[in-house]
Amino acid sequence: MQVTGEAEYADDTPMPPNGLHAALVLSRKPHARILSIEDSDAKSSPGFEGLFLHKDIPGTNKIGPVIDDEELFASEFVTCVGQVIGVVVADTHENAKLAARKVRINYEELPAILSIKDAIKSNSYHPNTEKILEKGDVELCFQSGACDKIIEGEVQVGGQEHFYLETNSSLIWTTDGGNEVHMISSTQAPQKHQKYVSRVLGLPMSKIVCKTKRIGGGFGGKETRSAFIAAAASVPSYILNRPVKITLDRDIDMMISGQRHSFLGKYKVGFTSDGKILALDLEIYNNAGNSLDLSVAVLERAMFHSDNVYEIPNFRINGKVCYTNFPSNTAFRGFGGPQGMLITENWIQRVATELKKRVEEIREINFQREGSILHYGQQIQHSTLAQVWNELKSSCEFFKAREEVDQFNLHNRWKKRGVAMVPTKFGISFTTKFMNQAGALVQVYTDGTVLVTHGGVEMGQGLHTKVAQIAASSFNIPLSSVFISETSTDKVPNASPTAASASSDMYGAAVLDACEQIKSRMEPVASRHKHSSFAELVSACYIERIDLSAHGFYITPEIGFDWKTGKGIPFSYFTYGSAFAEVEIDTLTGDFHTRRADVMFDLGFSLNPGIDVGQIEGAFIQGLGWVALEELKWGDAEHKWIPPGHLYTCGPGSYKIPSVNDIPLKFNVSLLKGVPNPKAIHSSKAVGEPPFFLASSVFFAIKDAIIAARADLGCNDWFPLDNPATPERIRMACIDDFSERFVKSHFHPKLSV
Ligand code: MTE
Ligand code: HPA
Ligand code: MOS
């Protein structure tokens, strides 16, 4: 249904009679006091039906997913371009936009913080967010003389736009004379929409319903940031007692709804001449933007993943959440994990360069093992790292590929090839313990069909298919007898956002719990008589007055982390994988293509290999966009030609997401065999986010190719390469007679972080 276009999304819902379209009035300054708002032009605009500002909000103006540090409509100050100041409703989408643009705001401009480095200089951090983790004694190790070499450096990690195909959209209406509010929303968090609308309108949550049939991608971008948009549209709907639809245009969606956090990492690493890592002192900073949102949890996951798969005997990591005058950044596939791991692989690559060794060798000799204690106290159990690495290494014929690439590079001056192999481990569970709970409702009808509802949202990841499979196998009925219609806050309450890749683990288990309750109620009837079909058994149970509906529930066992001691078990288990990539770059244009990518992934006993291979391919390609194609350009000190705080790259014309031409020419994805996971449903493993980071193999293969180009000029020193490794960056890193007229070998191109 999705690929043929039959599937309905929020904006496809027919507009009810009397419905209005909403458009947001947005700040055009990164930091300013609002002096006055002139609305006369807007009010006389065609089709105008109303303008609503902070003073019109019936309930509270204070919102936020973790702490209430945001205003629904800015009252006195704006703190980013794109902040919502009000909402206009009109008869059509176009008229609403036109009228919203005619609302004139007069500002008194104030100084703005427009990068992580600005924030560090101005000591601009979100309050009480600094985090520390420590293992061993870093100082002692550095001073002991045990390290043959100690190096220091910096890594900049770029952000990323979610670019879900369906932009944020909600349809909201009142019922029963205005006492109840219902909405259909494109969100990973219907419960958050219910809560925000309840608070903003001053209504109890019990009178608010949010439904989500499916969403056209979320990737974390709709874990929290969809909610303020729905809440903005709920104000005119409630006050005018009319249906209101809001659907954001792409440029507005990109400008206001937040992105993957850019990061800055500062490292000091000590190691032996064999390449054994002995000590790491790391500071990481993320660019949170103008509100806290989930930035602390994102920072925490980055800190937990800052070892990637490496044993670091002495390790200290300090994390800070930067307050900047940008739209609030948010969850994005991997949730800080990829940023943390990319910083790691950067200094690992540097250690290899310093020692003139192959980076894959440095990786291998520092692998964590079964029983390793991580820097946050969790112990490695059931590790499949060695298997995913060794099986990949032989199936991709790494040494042969290395040799062929070296030969190619000897014979070519302006085209260079590179290879890389990168491992990953990804922790499964929300690191916020209470979020690891899941509810489900299973209803069996007398024709033997089953309606399953659970708290998770279908966003293209195949969750409903997996969960339906679990119900069908539990009842031993065909998959076609199980239906999942929608996610709704009035069927399963208080659901966590569909996120952290754990939804099939958790909702699968909650549904299984409900199925088992029903089966045990049916058991006496089933054992009395042999029924010829499930439908017959169900009908017999119905006649016997057996309850054929059950609520199921699941909590992830044995997890918990204490930030006071910096120790605990944040993750139920880890998903492991490895990837090999081979690229070819054109050193004169900076263009590249991926000749081959091979992935070996451990998903335990996969619930659905078709879906899972699709998730791995999708995550890899999305990751490839992050590491090599997609560059956000913001109006900051480095980009003076963009108005301060504005997003220049707010559409596909200037922001390049992967297309069919970016798919590796050969792309092999394999699942590790014979490794049941004791920690999750039917011995499976979570898949959604873990493969994302494997695309860094393409990044390091590009860097490998650039190294070969520079070697032709006798330049063998380490050099920085930020992600995304766009053609511009690749070109300028491949120094030659042409580029040296403009830049030196250590040239470090600008990047908005
Ligand atoms: N796959 C598709 N097609 N669309 C999406 O939006 N989101 C990803 C991943 N795969 C996403 C996706 C993210 S960020 C997460 S956390 C998981 O799916 C969430 O779903 P799960 O818990 O069912 O894996
Ligand atoms: N992952 C995804 N979303 C989250 C998390 C997490 O660990 N914690 C809070 N929201
Ligand atoms: Mo995914 S970033 O946890 O929605």
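These legends walk through views of a predicted protein model with its two ligands. Local features are given where pLDDT is at least 70, side-chain atom pairs count only at pLDDT 80 or more, and totals for chains, interfaces and linings use all residues. Residues are numbered from 1 along each chain as its sequence is written, chains are lettered from A and ligands numbered from 1 in written order, and side-chain values use heavy atoms, with hydrogens and water left out.

**View 1. The whole protein, to get your bearings.** The protein has 18 helices and 28 strands (DSSP runs numbered from the N terminus: helices are H or I with at least four residues, strands are E with at least two). Its radius of gyration is 27 Å, close to the 27 Å from the globule rule for 753 residues, so the protein is as compact as a globular protein of that length. That radius is taken over C-alpha atoms, and the rule is 2.2 Å times the number of residues to the power 0.38. The C-alpha trace spans about 80 × 75 × 50 Å along its principal axes. Of the 753 residues, 63% count as buried (under 20% relative accessible area, with a 1.4 Å probe and protein chains only).

View 2. Ala, Val, Leu, Ile, Met, Phe, Trp, Tyr, Cys and Pro count as nonpolar, Asp, Glu, Lys and Arg as charged, and the others, Gly among them, as polar. Look for the polar side-chain atom of Ser503, 2.6 Å from an oxygen atom of the ligand. A side-chain N or O atom of Gln615 lies 2.7 Å from a nitrogen atom of ligand 1, and a polar backbone atom of Gly460 is 3.2 Å from a ligand nitrogen atom. Taken alone, ligand 1 exposes 520 Å², of which the protein buries 92% (areas by the Shrake-Rupley method with a 1.4 Å probe).

**View 3. Ligand 2 and its surroundings.** Around ligand 2 you will find Glu223, Ala297, Arg301, Phe335, Phe430, Thr431, Thr432, Met435, Ala499 and Ala500. The shell holds 6 nonpolar, 2 polar and 2 charged residues. Glu223 places a polar side-chain atom 2.9 Å from a nitrogen atom of ligand 2. On the oxygen side, a side-chain N or O atom of Arg301 is 3.0 Å from a ligand oxygen atom, while a polar backbone atom of Thr431 is 3.3 Å from an oxygen atom of ligand 2. Ligand 2 alone exposes 260 Å², and the protein buries 99% of that.

View 4. Strand 11 (residues 169-175) and strand 14 (residues 244-247) run antiparallel and are joined by 4 bridges. In this pair, Ser169 stands opposite Thr247 of strand 14.

View 5. The order is 6-2-8, and the pairing is antiparallel. Strand 6 (77-78) and strand 8 (104-109) each have a single partner strand, so one side of each is left without a neighbour in the sheet. Strand 2 (residues 32-38) is joined to strand 6 by 2 bridges, and Ala32 has Val78 of strand 6 as its bridge partner.

Key:
Pairing = 2+ DSSP bridges. Polar contact = N/O pair within 3.5 Å; in protein donor to acceptor, adjacent residues only side chain to side chain. Near = heavy atom within 4 Å. Buried < 20%, exposed > 50% of the residue type's maximum accessible area, 1.4 Å probe, protein only.
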